[in-house]
Amino acid sequence: MRWVVGFWASRLPWTSVLAALTVVVAALPAWASSLSAWRITSAGQLELRTSLDVRPQAFFEAGTALRGPRVWVDLPGAPSRTRSLPGSGALREVRIGRPDGFTTRLVLEFAPGTQLDPAGLKLVGTARDRWRMDLPGLANQGGTGIGEGDLDAVTRDLPDRQASFPTATTPLSADGLPVVPRGRFKVVIDPGHGGPDPGAVGIGGLRETDVVLDVCLQMARLLQARGVQVLMTRTSEVDVDLPPRVSLANSSGADLFVSVHANALSMARPDVNGIETFYFEGAGFKSRRLAAALQEQMLAISPGSPDRGVRTGRFFVIRRTVMPSALVEMGFVTGELDSRRLADANFRRRMALALSAGILNALQEGP
Ligand code: ZN
């Protein structure tokens, strides 16, 4: 919904205008944009000031013959209005968009032919409310700075927020994934459910089995490209019992086992969203570390979706596997926010990147 204040002001007595505005303001704290200020300097740096401890996430899309590359940053909370500002030099335009009711998207649209190396693009947190990304393609282009809001203001602390500094940096493309020695590691990926068992079914008929299979097939390709041998418990819509999944893993000599699922509650609870990862308590610290690495990455690409935590669970596939293992729940197919994302092929691509980054990080630390 877009509020056009001028419309109301011209047709309603001022008391009604005040009442309408009060409703909007009262609704703001839950989903207001966490982007407080931004600036792109002529030296080629993007700077952000955000609410404290949010997890902005940056993305890159290569250019085509017709248009230049794009970099965008998603932040929790929707902007009050969408807008676009003309750029200069290699920066063609900056847009503030709302891809859904929960997200602010800051888009940097570059001129065709602008050279940006996605592997070198990183959004770096410099304080609990400050972020910076170097854009070498913009430096010395003769453009002037552009921005909105006061970057130097002090961000007010919100007492109900956790003081945890976001640490995950999810790669924007396969090139940015962590590197491990080629040919050394073997990983089992377990797409939950399958065939006659669709798993959870959510909003718009979104099926857990379809979501997890798509993400897992992409994860397999990404990990194989990094020289990791991947075994999958299923690669199509077939039903595989839990014991064969575990025996495949246990007889493979794999270093890690990751089971991929999506959550469900009730169709009457679209308000419940969130990300969680399980490990088996008796499995040792490596399972917990794997679960934490996966959870961190999933949260980083899911602004606004609650952190339901790294938790112990007794699911058969993590209880009976002999190697470090974890079971991820990528979001709720019955949740309004999560289901919209899980239904989006671009989000599933990012999820595959995030989970692959989590696995590679865990392998780097020693499986
Ligand atoms: Zn499941």
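What follows is a short exchange on how terms are applied to this predicted model.

Mentor: Residues are numbered from 1 along each chain as its sequence is written. In this predicted model local features need pLDDT of at least 70 and side-chain atom pairs count only at pLDDT 80 or more, while totals for chains, interfaces and linings use all residues.

Trainee: What makes residues 285-300 a helix?

Mentor: Helices are DSSP runs of H or I with at least four residues, strands are E runs of at least two, and both are numbered from the N terminus. Residues 285-300 are helix 5, and the protein chain has eight helices and 16 strands.

Trainee: Why are strand 14 and strand 15 said to pair?

Mentor: Pairing requires that DSSP finds at least two bridges between the strands. Strand 14 (residues 275-279) and strand 15 (residues 307-312) have five, in the parallel sense, so they pair. Tyr-279 has Thr-312 as its bridge partner in strand 15. From strand 14 the chain crosses through helix 5 to strand 15 in a right-handed β-α-β crossover; with the strands pointing away from the viewer, the path from the first strand over the helix to the second runs clockwise.

Trainee: What makes a set of residues a nonpolar core?

Mentor: Its members are buried Ala, Val, Leu, Ile, Met, Phe, Trp, Tyr and Cys residues joined through C-beta atoms within 7 Å. Buried means that 20 or more other C-beta atoms, placed from the backbone, lie within 10 Å of the residue's own. The largest nonpolar core has 59 residues, and Val-187 is one of those with the most contacts inside it. Helix 8 (residues 345-364) gives the largest share of this core, 11 residues. Another core, of 24 residues including Trp-131, lies apart from it.

How values were computed: Buried ≥ 20, exposed ≤ 12 C-beta atoms within 10 Å, placed from the backbone.
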